[in-house]
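I open this notebook to record what I looked up, one topic at a time.

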Amino acid sequence: MAKTIIPIGPYHPLQEEPEFFTLTVDGERVVDIDVRIGYNHRGIEKLSEMKTFDQSTFVIERICGICSTSHPFAYTRAVEDIIGVEVPERAKYIRTIIAEGERIHSHLLWLGLAGHFLGYNTVYMWAWKLREEILDVMEILSGNRNNYAMFKPGGVRRDIKSGDIPGVIKKIDSIVPTLTMLKKAVIDDPVLHARTKGIGVLSKEDAINYSALGPTSRASGVARDVRKDSPYGVYDKVEWDMIVTQNGDVFDKAVVRILEAFESIKIMKYCLLKLPKGEIDLNIKNIPPGEGIGHIEAPRGEVFHYVRSDGTNRPVRHKVRAPTFMNLPTYKATVVGETISDATIILAAIDPCYCCTERMAVRNIKGKKLYNGEDLIKLSQEKTEKVRRGLK
Amino acid sequence: MGVKLKALLKSPWVFHLSTGSCNNCDIEILDCLTPRFDIERFGMLLAGSIKHADVLLVTGSGNRKSMERVKRLYEQVPKPCLVVAIGECSLSRGMFIHSYNCPVPVDKVIPVDVYIPGCPPKPEAIIAGVVKLIGKVGGK
């Protein structure tokens with residue numbers, strides 16, 4: 001039977017970022033997908049190498065607007081790994097508070113968009129209205145709704161005033177009833193059950209084989225979370241539960257995200273109440289030569305940063321791996337065999353973020369030679385040699 | 001003011017174009033549509049297709065690959081149309097001015113009517129910008 005190709009994008013109403021999908025369909029069923037990205041590539045790794053370690057934090061923050069805490073967090077941890085220092089206790093608490101606030105707003109944002117994709121605009125409006133409250137909290141704590149600029153290698157840039165804390169806790173408490181209502185509206189709704197249960201199932205084996213990260217893997221029964229496995233910040237001191245479900249379908253991914261928001265509220269409140277006194281910054285002056293890695297759990301999964309220093313004030317190499325880079329390939333495993341109308345929500349279920357993903361990657365194409373810097377220098381030297389011989 | 005432009009200002013439908021942004025401006029635009037800010041009160045709706053759009057909201061730093069598409073999309077918009085550049089990136093490329101993949105700012109490629117600075121601009125600023133645009137075009 002003849003197959004039809006449906007092009008989606010790069011500018012389409014589905015997602016706010018440009019990306020290009022081709023769905024190969026056989027009747028109603030999707031048989032193959034392909035994705036082309038590159039519409040968001042801004043050369044951030046190279047830009048980061050042009051700037052000093054302190055300035056880099058601001059560029060790294062703008063990798064992605066939603067994960068504007070996760071990336072600087074991983075980057076500063078990588079730089080601290082080079083030096084081999086631990087940040088002061090108070091800085092750790094502040095970092096955790098900001099990271100968890102971001103997780104709540106990211107999960108609410110996802111919930112709203114997922115509701116919108118399913119034609120459930122009420123959930124979209126509720127979730128985004130609730131998200132505003134969290135953004136207010138972030139504005140009180142950091143001074144901005146997004147792009148908090150709280151992180152620097154060796155600590156945090158801005159202290160949390162003790163006078164702000166009671167108001168913030170009151171505000172966080174006030175969103176719990178609405179979030180509970182939203183949770184019930186999503187988890188107990190028969191229409192959403194029919195629409196999302198058993199759709200886009202990612203099996204446990206596939207989740208492991210594709211190295212899926214974050215809520216995508218936790219919904220498939222892979223209990224993996226950087227916050228538990230290799231604790232950073234103050235996650236080892238707070239009591240919180242890792243949310244793991246077994247089915248791996250769209251519904252389970254939604255459940256994981258909603259319940260994680262509650263856990264984040266718990267962690268945030270604990271940190272605000274137990275905030276210790278002390279320094280917030282180590283005032284790092286020099287960064288020795290060496291290499292360091294930093295990995296943390298972003299709302300979408302593990303963010304990994306690698307930084308190499310040669311003793312100057314700029315990083316020599318900075319590598320970023322965002323969670324969507326690993327999660328996007330699982331789309332192929334989940335969407336094939338489903339209908340076109342379910343393709344959108346299955347894609348949305350991995351919470352893709354293309355801004356995070358669009359780093360430079362080199363693919364080896366068979367038969368074509370890829371030149372690196374040394375090869376080019378060698379070619380240039382050979383040409384000079386040829387010219388010199390010709391002149392003789 | 002032509003009758004076409006007058007009709008356009010009654011209920012401007014917006015289309016959102018991201019030319020390689022960090023998502024923040026795009027999310028603040030969506031925020032404008034949700035209950036706290038709710039620009040639907042003024043008849044503004046997010047259009048699904050560029051062919052239904054009256055106002056283009058452009059964000060992002062003008063990525064090489066996406067600017068080709070933006071040029072083609074601008075040719076497809078029914079004229080007259082108004083263009084609003086949102087965020088520092090689309091104004092001057094901001095932090096990405098030295099990037100190898102962001103050669104020119106947006107206004108070198110398509111004509112821009114209103115610039116809204118900020119990284120990201122707050123929803124209030126976006127609403128104020130759009131209102132100013134309507135006032136300017138309407139001759140108020």
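Predicted model: local features only at pLDDT ≥ 70, side-chain atom pairs only at ≥ 80, totals over all residues.

**Entry 1: chain B as a whole**

I began with the secondary structure of chain B, which has five helices and five strands. Reading along the sequence, I wrote down the pattern α-β-α-β-β-α-β-α-β-α. I then looked up the extent of chain B: along the principal axes, its C-alpha trace spans about 45 × 35 × 25 Å. I also checked the radius of gyration of chain B, which is 14 Å; this agrees with the value near 14 Å that a compact globule of 140 residues would have.

**Entry 2: where chain B touches chain A**

I next turned to the contact between the chains. In it, 31 residues of chain B are in contact with 31 residues of chain A. I asked which elements of chain B give two or more residues to this side. They are strand S1 (13-18), helix H2 (24-33) and helix H3 (64-76) of chain B. H2(B) gives the most, with five residues. Sorting the residues on this side of chain B by class, I found twelve nonpolar, 13 polar and six charged.

**Entry 3: a sheet in chain A**

I looked up an open sheet of three strands in chain A, with the order S6-S7-S8 and antiparallel pairing. Strand S6 (290-298) and strand S8 (315-321) of chain A each have a single partner strand and stand at the edges, so one side of each lacks a neighbour in the sheet. From one strand to the next, the twist averages 15°. I then followed the pairing of S6(A) with strand S7 (residues 301-309) of chain A: nine bridges join these antiparallel strands. As one instance, I noted that Glu297(A) has Glu302(A) in S7(A) as its bridge partner. Helix H3 (residues 70-83) of chain A packs on the sheet and touches S6 and S7 of chain A. The direction of this helix makes about 150° with that of S6(A).

**Entry 4: a helix pair in chain A**

Finally, I examined helix H5 (residues 121-142) and helix H6 (residues 165-187) of chain A, which pack at an angle of about 165° with their axes 10 Å apart. I recorded H5(A) as roughly antiparallel to H6(A), because angles over 145 degrees count as such. Their crossing is left-handed. On the H5(A) side, the residues that meet H6(A) include Trp126(A), Leu130(A) and Ile134(A). Those of H6(A) that meet H5(A) include Ile175(A), Leu179(A) and Leu182(A). By class, the residues of this contact divide into 15 nonpolar, two polar and three charged.

Terms used
Residues numbered from 1 in each chain as written. Chains lettered and ligands numbered in written order. Contact = placed C-beta atoms within 7 Å. Helix = DSSP H or I, 4+ residues; strand = E, 2+ residues; numbered from the N terminus. Nonpolar A, V, L, I, M, F, W, Y, C, P; charged D, E, K, R; others polar. Pairing = 2+ DSSP bridges. Axes fitted to C-alpha atoms, helices over the stretch in contact; angles between N-to-C directions. Parallel < 35°, antiparallel > 145°, perpendicular 65-115°, else oblique. Left-handed = near helix turned anticlockwise from the far one by under 90°. Rg over C-alpha atoms; globule rule 2.2 N^0.38 Å.
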